[in-house]
Amino acid sequence: MSEPLLDLRGLTKHFEVPRSLLARVLSRAAPAVVRAVEEVSLALPAGETLGVVGESGCGKTTLGRLLVGLEVPSGGELRFRGQPLGGGASARPRALQRRIQMVFQDPYASLDPRWRVRDIVTEPAAGELSAAGRKERAAQLLRQVGLAEADLEKYPHQFSGGQRQRLAVARALCAEPELVVCDEPTSALDVSVQAQVLNLLKETQKRLGLSLVFISHDLAVISHVSTAVAVMYLGRVVEWAPRAVLFATPAHPYTRALLETIPDVRRPGRRRAAIPGEVPSALTPPSGCAFHPRCPLAVAQCRTERPEMRVTESGAQVACHLVPGTPVPTETGPVRTSPRSD
């Protein structure tokens, strides 16, 4: 099997809670730690889309920031094309870092309001092209995302939310990346504009052969764009599966609970069941399986022993004591187990 484009092995990120000088002097206790991402192992083949889904606070955005180097890992390993990417973006080889770009969640905050469009979309190429070259490159990028060359001299406030997100996609494409991390790129948009941006991403991926990591809390969106899906809960991946497998036969109780919240137009009278309780604090995660305080199927083992990943008969990987399967070797992450379907 060929080496994956992106390979995460035990990737971890902890944040220390800031304390005042007086508290540090008076207290000898170790500082509190937020376990934002905990031992995540994933693999992404070239040209495919990994969907990362979960409730707010599950660590999916922190995972995306680790991939692009905006956060420095506390532990584990991140490899791109077989090359290790340690530290943050400034510590990575520039030629390698350029091949990983990000589209942020809020199109109103991710673009500098003082810059013209021609400068925004060619920012990754600053210092490499002449003024005429940047203008030509900017016009080419705008055409790729469905905007006009006449928009080059405009400012971000002159565009709608959907158009701004197209500008963000154009900026990400300027560096000719192999991997684009999309952090909730449609959550701030209305439904019709969401569809336009999602279709743009899929068309661009097909045309340029991009690989995507698509982060969202919306399973309906994840179903539309992904080839494989990782479900996160309180910093850990609790289930990974090819898209068709996960949506047809979800194995983890948390995944099944998330799927119950998706509206179904074929059953308009069905009441959607909310997941009981609240997501626990990452400062003091529950013992055993982190989902056990909210899980209707939890048994005594769930409260004391953290489940490890197992491979099920369907090809999914699930961290649940109640799901039978074969243990996943600790040195490997998920690999694609079914043909791609679009």
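**Entry 1: leucine 11**

I began with leucine 11, which lies in strand 1 (residues 6-16). I noted that the model is predicted. Is leucine 11 buried or exposed? Leucine 11 counts as buried, because its relative accessibility is 1% and the cut-off for buried is under 20%.

**Entry 2: a nonpolar patch**

I turned to valine 25, placed in helix 1 (residues 21-26). Valine 25 has a relative accessible area of 59%, so I logged valine 25 as exposed, the limit being over 50%. Which residues form a nonpolar patch on the surface? I found Leu21, Leu22, Val25 and Leu26. Together they have about 470 Å² of accessible area.

**Entry 3: salt bridges**

How many salt bridges does the structure hold? I read 18. Side chains of opposite charge can pair when their charged atoms come close.

I checked arginine 9 with aspartate 7. Their closest N and O atoms are 3.0 Å apart. Arginine 9 is partly exposed at 36% relative accessible area, whereas aspartate 7 is buried at 10%.

Next I took arginine 79 and glutamate 77. Their side chains meet in a salt bridge of 2.6 Å, N to O. Arginine 79 is partly exposed, with 27% relative accessibility. Glutamate 77 is partly exposed too, at 28%.

I then looked at glutamate 153 and arginine 116, a salt bridge of 4.0 Å, N to O. Glutamate 153 sits in the loop between helix 5 (131-144) and helix 6, and arginine 116 in the loop between strand 6 and helix 4 (117-121), so this pair ties together parts that are 37 residues apart in sequence. Glutamate 153 is partly exposed at 36%, and arginine 116 is partly exposed at 26%.

I also logged a network. Salt bridges with shared partners join Arg35, Glu38, Glu39, Arg236, Arg306 and Glu308.

**Entry 4: the second largest pocket**

Helix 3 (94-97), strand 6 (100-103) and helix 6 (161-174) each give two or more residues to its lining. Which element gives the most to that lining? Strand 6 does, with 3 residues.

I read 14 lining residues, with Gln97, Ile100, Gln101, Met102 and Pro124 nearest the centre of the pocket. By class, I noted 8 nonpolar, 2 polar and 4 charged residues in the lining.

Technical notes:
Residues numbered from 1 in each chain as written. Predicted model: local features only at pLDDT ≥ 70, side-chain atom pairs only at ≥ 80, totals over all residues. Heavy atoms only, no water. 1 Å grid on protein atoms, 1.4 Å probe; cavity = no way out; pocket = protein on both sides within 12 Å on 5 of 7 lines; lining within 4 Å. Helix = DSSP H or I, 4+ residues; strand = E, 2+ residues; numbered from the N terminus. Nonpolar A, V, L, I, M, F, W, Y, C, P; charged D, E, K, R; others polar. Patch = residues over 30% accessible without salt bridge, like charges linked within 9 Å, V, L, I, M, F, W, Y side chains within 5 Å. Areas by Shrake-Rupley, 256 points an atom, 1.4 Å probe, with all protein chains shown as cover. Buried < 20%, exposed > 50% of the residue type's maximum accessible area, 1.4 Å probe, protein only.
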